[in-house]
Amino acid sequence: MKITGVDCHVLLDPDFDIGATSSAQDDLVVEIHTDEGISGIGETDVNPWIGRECILAPGTHTMGQGLTEMLIGADPLYVEDLWERLYTGSAMNGRRGAVINAIGAIDIALHDLRGKALGKPCHELLGDTVRTAVAPYASLQPEVSGFDAYRDSLVEWAADARRRGFRAAKAEVTLSGPYAHVGLREPYTRATEVIAAVRAAVGDDFVLMVDCQYAFPDADECLAVIRAWQDFDLFFLETPLPSDDLAGYARLAREQPIPIAAGEWLTTRFEFAQLIREGRIRVAQPDIGRVGGLTEAVRVSKMAQAADVVVVPHLWKTGISIAAAVHLAAVTGNCPYIEYLPVELSESPLRRELLTIEPIMESGEIAVPTSPGLGIELNRDALARFAEAARRIRP
């Protein structure tokens, strides 16, 4: 079998809001085709126009090769070997950042393709299966203006998530900083009010996580606020500081008891090694597309397990990423949850409409797919509609 082509679909929500802090409004979906008529599907969380150029751009020398050029004619069954070929051959262009994000979409598609070709679900080709069902947590991020409306919406969504059968949820309590939602600018201390209200709504027997999305400028200001959160029994606190403040993360780990989670922006196992070693995080959050695909996410997960660090994959795109995370969790013993943006609670039409078949939650769990590959199907009509919306911005 040989790879014969790579299609890059740049997708956009026709009603996207440039003022919203949500990458669920766009997507880069990659399809890899073969001479035997078998194709694989992947996606990644990066500006889709940038990601497309990373994949399609031609190379000019041996250490700056084009990703597509390295794929054409290759045997797609050797997925891990192809990852190394792409990483090394594009080293002067990438090594980190958008090129690795692009490799992530390719790698997910290759895993899907290999599973279909061999008639096996992806997880059976990733390692030993440790679970047949995965626990999702509901990722809750209302898009409303004003503090009171945001607090009340978050409380309502959390209570609704529990009614729908979720056993865990993450409250996006981002009232300041670069991710502040729809113009919110509130004192850090007001986050305490929001978390208290959410905890009261879901009860003490519900797993609660909090993401404040890089809101604090440094460890001093963060510690002054989050020490009041110890009584909320948080499973983790996600990305309280800028990604590069590893010394600050280490201070948080030393000086307060809430487990700190981070890693959604990181690319490759090499960046995670530094975050785990120097930042002393207790929860690693590889985004499967961004980190470099399933191949690299498995490596990160094994590294984390060796360091006694929990893995909870980040994802904020569509059912493609959800499926990839389910297969990762199936072979990862230290992965108690995956992030899950429920269709019913999502503002994104891409999340709601892009797939006709995807993993779904029933009774608080997602069954690990048993069909070949990722176990997903694209909605071609929706794909065409979102692609046309993107073309209106830039062909």
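**First stop: helix α9**

Select residues 246-255, which form helix α9, and colour L246, G248, Y249, A250 and L252, which are buried. Buried here denotes under 20% relative accessible area, exposed over 50%, and partly exposed in between, with a 1.4 Å probe and protein chains only. Helices (H or I, at least four residues) and strands (E, at least two) are DSSP runs, numbered from the N terminus. Next, display α8 (219-226), β9 (260-262) and α10 (268-279), against which the buried residues of α9 pack; contact means heavy atoms within 4.5 Å.

A note on the model is in order: it is predicted, local features need pLDDT of at least 70, side-chain atom pairs count only at pLDDT 80 or more, and totals for chains, interfaces and linings use all residues. Residues are numbered from 1 along each chain as its sequence is written, and side-chain values use heavy atoms, with hydrogens and water left out.

**Second stop: salt bridges**

A salt bridge is a side-chain nitrogen of Lys or Arg within 4 Å of a carboxyl oxygen of Asp or Glu. The count by this rule is 32.

Move to R52 and E53, whose side chains meet in a salt bridge of 3.5 Å, N to O. R52 is buried, at a relative accessible area of 16%, whereas E53 is partly exposed, at 44%.

Then select R385 and E353, where the closest N and O atoms of the salt bridge are 2.2 Å apart. R385 sits in helix α15 (residues 380-393) and E353 in helix α14 (residues 349-353), so that the bridge links distant parts of the chain, 32 residues apart. R385 is partly exposed, with a relative accessible area of 39%, and E353 is partly exposed, with 28%. Finally, select D148, R151, D152, E186, R190 and E193, which salt bridges with shared partners join into one network.

**Last stop: helices α1 and α4**

Two packed helices are described by the angle between their axes and the distance between the axes. Select α1 together with helix α4 (residues 98-118): the two pack at an angle of about 80 degrees, with their axes 9 Å apart. α1 is therefore roughly perpendicular to α4, a label for angles of 65 to 115 degrees. Axes are lines fitted to C-alpha atoms, for helices over the stretch in contact, and angles run from 0 to 180 degrees between N-to-C directions.

Show the side chains at this contact: I50, G51, C54 and I55 in α1 meet A98, V99, A102 and I106 in α4.

How values were computed. Angles under 35 degrees count as roughly parallel, over 145 as roughly antiparallel, 65 to 115 as roughly perpendicular and the rest as oblique.
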